[in-house]
Amino acid sequence: MRQIRKRARRRPEALLSFSHRYSYSSRTTLVRVLNCRRRRHSDRPRPPASAYDFLFLLRGHGTTELEGEVVATVCGVIERVNKLVYVRTLRARYKPEVGDIIVGRVLEVAPKRWRLEINFSQDAVLMLSSMNLPDGIQRRRTAVDELNMRSIFEENDVICAEVRDFMRDGSLQLQARSQKYGKLERGQMLTVSPYLVKRRKQHFHHLQQYGIDLILGCNGFIWVGEHVETKDNMVEDELIKPPNKSQTTLEEQEQAYTPLETRQNICRIANAIRVLSTLGFSITLDVIQEVVDMSSSKGLNIHEMLAAEFSVLVAEREAERRSSSTSTRRKR
């Protein structure tokens with residue numbers, strides 16, 4: 001245990017040495033940072049900003065005035081909108097954008113809408129008119145559809161959707177008008193910090209070798225479940241006759257059963273995500289596969305992945321990868 005503790009102490013120091021090239025003080029002056037931005041993005045020379053110029057700016061979130069200078073009080077990225085200067089914190093709640101892929105849980109079934117928890121300051125709203133009906137026909141929503149809303153989604157159901165727009169009260173409006181959106185079953189939902197999941201072109205991943213679907217939600221909710229093929233829900237009653245009741249029950253039982261190997265793969269991938277979240281590493285498909293392959297190559301059981309020794313191994317591998325990448329950059 002003492003050796004593991006020593007190795008665990010050394011690896012964060014190595015990671016910090018690779019990530020931080022310069023030593024920063026405990027506070028950052030916004031005047032100097034904005035001066036650097038002017039030099040980078042300006043084609044023609046401009047006079048440098050002084051503390052007197054920033055007296056007329058509006059100090060937003062994460063800023064304060066100290067010794068005649070505007071100072072950042074939190075760690076993050078400095079943003080400026082006209083005269084407003086604020087700091088966008090890294091470790092904060094989810095800040096949505098239009099087009100984000102999110103995973104949420106149904107809290108309430110309201111008239112013509114569902115309220116979802118998406119790790120945001122307010123609940124999101126999924127309207128009945130913003131999703132495809134089970135029969136797949138594009139038509140007007142009637143009172144019968146409103147009465148049958150619980151047959152589509154009910155409380156505590158996990159749903160994948162897309163951010164459509166912002167409402168006047170600040171809440172989100174979602175849409176699920178595609179076959180890849182909808183109810184998620186036969187899996188587990190994980191909660192990580194939203195800053196660990198970066199916005200990318202592809203958030204839906206199918207791990208064919210494991211038979212698992214992985215959805216990396218921008219809001220910090222990650223879904224790991226059994227692979228489900230997207231089917232066309234158009235029903236042709238004239239051509240397809242309903243089978244007997246005994247046959248339907250057997251088919252439903254076979255469909256509801258998840259093989260043991262698939263469940264073990266779900267738990268292994270979920271534990272890999274938990275290890276990356278504990279270490280504070282960015283969660284991507286490549287990193288998840290590396291951690292899963294490492295656990296299987298070491299011959300570890302699923303529950304042994306959550307031990308401290310495996311976390312140290314993952315941190316050591318990440319430190320080696322960063323050191324190799326920095327050495328290759330220096331050679332170039």
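## Exercises on a predicted model

F281 sits in the loop between helix 6 (260-279) and helix 7 (285-297). The structure is a predicted model.

**Exercise 1. Over which residues is the pLDDT below 50, and how many contacts does each stretch have beyond near neighbours in sequence?**

Step 1. Start with the chain. Its average pLDDT is 78, and 73% of the residues score at least 70.

Step 2. Residues 35-52 have a pLDDT below 50, with 13 contacts in the model beyond near neighbours in sequence. Residues 232-248 also fall below 50, with nine such contacts.

Step 3. Where pLDDT is low, predicted coordinates should not be read in detail.

**Exercise 2. Where is D100, and which side chain makes a polar contact with the D100 side chain?**

Step 1. Locate the residue. D100 lies in the loop between strand 6 (84-89) and strand 7 (101-110). D100 is buried, with 5% relative accessible area.

Step 2. Find the partner. The side chains of D100 and R199 make a polar contact at 3.0 Å.

Step 3. List the surroundings. Beyond four places in sequence, D100 contacts Y94, K95, A161, E162, V163, R199 and C218.

**Exercise 3. How many aromatic pairs does a search of the whole structure find, and which parts does the pair of W114 and F153 tie together?**

Step 1. Count. The search finds two aromatic pairs.

Step 2. Describe one pair. W114 and F153 are edge-to-face, 5.2 Å centre to centre with 70° between the planes. W114 belongs to strand 8 (residues 113-117), and F153 to the loop between helix 4 (149-152) and strand 10 (158-166), so the pair ties together parts 39 residues apart in sequence. W114 is buried at 0%, and F153 is buried at 3%.

Step 3. Describe the other. Y181 and F204 form a tilted pair, 6.1 Å centre to centre with 50° between the planes. Y181 is in the loop between strand 11 (172-176) and strand 12 (182-184), while F204 is in strand 14 (residues 204-207), so this pair links parts 23 residues apart in sequence. Y181 is buried at 10%, and F204 is buried at 18%.

**Exercise 4. Which residues have the most contacts inside the largest nonpolar core, and which elements give two or more residues to this core?**

Step 1. Name the residues. The largest nonpolar core has 33 residues, and W114, L116, F153 and L174 have the most contacts inside it.

Step 2. Name the elements. Strand 7, strand 8, strand 9 (124-131), helix 4, strand 10, strand 11 and strand 16 (221-226) each give two or more residues to this core.

Conventions: Residues are numbered from 1 along each chain as its sequence is written. This is a predicted model: local features need pLDDT of at least 70, side-chain atom pairs count only at pLDDT 80 or more; totals for chains, interfaces and linings use all residues. Side-chain values use heavy atoms; hydrogens and water are left out. pLDDT is the predictor's confidence in each residue, from 0 to 100. Contact means heavy atoms within 4.5 Å. Helices (H or I, at least four residues) and strands (E, at least two) are DSSP runs, numbered from the N terminus. Buried means under 20% relative accessible area, exposed over 50%, partly exposed in between (1.4 Å probe, protein chains only). A polar contact is a pair of N or O atoms within 3.5 Å; within protein, one must be able to donate a hydrogen and the other to accept it, and residues adjacent in sequence count only if both atoms are side-chain atoms. Rings of Phe, Tyr and Trp (its six-membered ring) pair if their centres lie within 6.5 Å; planes under 30 degrees apart count as stacked, over 60 as edge-to-face and the rest as tilted. A nonpolar core is a set of buried Ala, Val, Leu, Ile, Met, Phe, Trp, Tyr and Cys residues joined through side-chain atoms within 4.5 Å.
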